[in-house]
Amino acid sequence: MNDFKRIVLIAIVCVSIFSCKKKELLFSDPLLTNRDTTINPGEDFFQYANGGWFKNHPIPQSEKSNGIFRTIQDTINEQVKKICESSASTKDSKKGSNKQKIGDFYASGMDSTAIDKEGLKALDVEFKKIQSVKDINSLLQTIAYLHTIGANPAFSFYLGQDDKISTKYALFFSQGGLGLGERDYYFNTDERTISIRNEYVKHLTEIMKLAGQSESESKKSASVILKLETDLAKASRKLEALRDPIKNYNKMSIEQFNKTTPNIKWQEVLTALSVQKVDSVIVGQPEFYKSLNNLVKSYSIEEWKTYLTWDVINSFAPYLNTAIEKQNFKFFGTIMNGITKQKPRWKRIVEQTDRSLGELIGQVYVEEYLPKGSKEKLLEIGNNIREVYAVHIKKLDWMSTETKEKALRKLNRIVMKVGYPDKWKDMSSLKINRSSYCNNVKSSNVWSYNYMIHKFGKTVDRTEWSMQPQTYNAYYNPSNNEIVVPACNIMVPGFEGRLPDDAVLYGIIGGSTFGHEITHGFDDQGSQYDENGNLNNWWTTEDLKKFKSKTRLIVNQFNTFKILGDKHVNGDATQGENIADLGGVVMGFEAFKKTEQYKKNIKVSGFTPDQRYFLAYGYAWMVNIKKEALESQIMSDVHAPAQFRINGPLANIPEFYKAFNIKKGAKMFQSDSLRVVIW
């Protein structure tokens, strides 16, 4: 080899080595860098796994939380923004096309000048209907109409699968109509809740002033609204009481419903809700409707008009003029959730465009942003989780053979919908233009309502999706016995441009997603539905008793967890999610054991496979949340705070103790007798 060739070869090798090293340096393993190594993993694994990231990424003023969900949502928002801006800038889009609808919806939302000029005109039709109310019948007709446009006064109404006959659609009436959302906000006597009620009155007063009332009128209106909502709340069940599908399933004929509420003519209400030929409905909380029956008489028509006016403005406040939008943000954003600054307008409009036209945006998202093979990889992980789940069920020492066979039958029948739907919803009837943002939102609400209600009397379509591929979330539907995992769940921040190792894939996508959702089929609620999606007891008496004793253990465990000093997690209300978290992390780990990374004990970034899996699970719930939002979550959410979604289930797993050398005396240490093992 001559000297020139040798010099060139050395140069090429050096460049190659430098390039490889540079490429490796560019990759910063988040499981390594997210940690706070000043924290002992046995004291608080949540902070150990994620505290370093929290220190370097404070919660933005415009958000109530920060973490993996916000990071992924920001990525999705940027992608959806490009779709929106591209659509909005196209001047020759065919009328009625997806691009025209997306572009015009986004453009109307970005035109704050036109929105301010419009004021409340977009709600003129609704205000006139409310003002024309003369008696109880016209009051109920108006309440029904408002439900068809996306408002929710007085009660909740929806169409869904009959819990006991999953092949048929049914009409559901349940408690609702509360501006504060959760009934305990109206009654709890702690300092925080009392402050929120006081601020709520101020908020109601300001909104009614912005709607045109005088100072004295608006104060009177605020008093009426709070009193009426408090009476609705008084008849409402607590959050944990809504978890029992049997007690919240009360099917009755229209004649029976009328007898329990003689002041309400339900057939006329249903006609106004655009439903004909109804013979029966499912009433979630009959006592709520008995109270409503009295309230439509005990409150004057004028007082009901005041409440309905508020409900309409409240329902559309984010899409109205700047003054109302800012007042709405001040209360629900700042006071309720501690958010001190609104998101930039583009982000607010992008997120609303996605909520209203997500089905259309999803089609572009799949084509332009979804990595090829995502659907197949998700399905592979899901099937691996199902396989180990079957093995676990077969080995259970507390369940009889008879019940095991039924559990396995249900497991095998679980349908996995991953990635994106095979067919998209037809939104051709939806009309969108650039003249009014509020009207566009209203039109999309009407389309969604009509899409829902037109299913009545038809065969259930089990191929339908209730999420879009760009939605970073997943769900289990007990009536279909299915899990749905949208495409964007394949995203793992920090691993852009590369496939994460199996410990990460199985910790996040396997454990906290597929394992979690499958376990929902066997949690306190899902376990009451059979393999066909019907509310039907498939347990032996003895096995059900054992199962309930195990779920009671996890309720008791989470009831001991404290947050913000003296506030306790509601173990009863959160038990379904806690059961799913525990089942998910266990099944994800079992599936991970079958990979080459685990079998060959391959270390990555210095972590053993076990350590890396549990760190990945910790990454899955890396969420830092503001105090105010955390207090709201404790009161109104069926999900426990993120730190307990990590520390809670992991404290029950022996392999976790071994991986991080956790000994008796550590804060997270649980004695064998207190460790929860269900599935």
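Is cysteine 488 buried or exposed, and what is its relative accessible area? I looked this up before anything else. Cysteine 488 is buried, with a relative accessible area of 0%. For my own records, buried means under 20% relative accessible area, exposed means over 50%, and partly exposed lies in between, with a 1.4 Å probe and protein chains only.

**Ground rules**

I am working with a predicted model, where local features need pLDDT of at least 70 and side-chain atom pairs count only at pLDDT 80 or more, while totals for chains, interfaces and linings use all residues. Residues are numbered from 1 along each chain as its sequence is written, and side-chain values use heavy atoms, with hydrogens and water left out.

**Entry: cysteines**

I kept going with the sulfurs. A disulfide here is a pair of cysteine sulfur atoms within 2.5 Å, and by this rule I get zero disulfides. Cysteine 84 is in no disulfide, and its nearest cysteine sulfur, that of cysteine 488, is 16 Å away. Cysteine 488 is likewise in no disulfide, with the sulfur of cysteine 84 as its nearest at 16 Å. I checked cysteine 84 for burial too: at 0% relative accessibility, it counts as buried.

**Entry: helix pairs**

Conventions go down before the pairs. Helices (H or I, at least four residues) and strands (E, at least two) are DSSP runs numbered from the N terminus. Axes are lines fitted to C-alpha atoms, for helices over the stretch in contact, and angles run from 0 to 180 degrees between N-to-C directions. Angles under 35 degrees count as roughly parallel, over 145 as roughly antiparallel, 65 to 115 as roughly perpendicular, and the rest as oblique. Contact means heavy atoms within 4.5 Å. For residue classes, Ala, Val, Leu, Ile, Met, Phe, Trp, Tyr, Cys and Pro count as nonpolar, Asp, Glu, Lys and Arg as charged, and the others, Gly among them, as polar.

I began with α3 (residues 45-56) and α24 (residues 609-620), which pack at about 75° with their axes 9 Å apart. The two are therefore roughly perpendicular to each other. On the α3 side I find Phe45, Tyr48, Ala49 and Asn50, and they meet Phe614, Leu615, Gly618 and Tyr619 of α24. This contact has six nonpolar, two polar and no charged residues.

Next came α8 (residues 136-148) and α14 (residues 301-316), whose axes come within 11 Å and cross at roughly 5°. That angle makes α8 and α14 roughly parallel. Ile136, Leu139, Thr142, Ile143 and Leu146 of α8 make the contact with Ile301, Trp304, Leu308 and Val312 of α14. By class I note eight nonpolar, one polar and no charged residues.

Then I turned to α9 (residues 191-210) and α10 (residues 215-234), with axes that come within 8 Å and cross at roughly 130°. So α9 is oblique to α10. In α9, Tyr200, Val201, Leu204, Thr205, Met208 and Lys209 take part, and their partners in α10 include Glu215, Lys219, Ile225 and Glu229. The class tally for α9 with α10 is seven nonpolar, three polar and four charged.

Which residues does valine 418 contact, leaving aside its neighbours within four places in sequence? They are Lys375, Leu378, Leu379, Trp465, Val485 and Phe514. Valine 418 is found in strand β6 (residues 415-419) and counts as buried at 5% relative accessibility.

Lysine 417 is also placed in strand β6, and I have it as buried, with a relative accessible area of 9%. Not counting residues up to four places away in sequence, lysine 417 touches several residues, among them Arg462, Glu464, Trp465, Asn480 and Glu482. Its C-alpha is 8.3 Å from that of tryptophan 465, 48 residues apart in sequence.

Threonine 551 sits in helix α21 (residues 541-559) and is buried at 7%. With residues up to four places away not counted, threonine 551 touches Gln575, Ile579 and Ile678.

**Entry: positive phi**

Most residues other than glycine have a negative phi. Lysine 277 has a positive phi of about 55°; I found lysine 277 in the loop between α12 (266-272) and β5 (280-283), and at 81% relative accessibility it counts as exposed. Asparagine 601 has a phi near 55°, lies in the loop between α23 (596-599) and α24, and counts as partly exposed at 49%.
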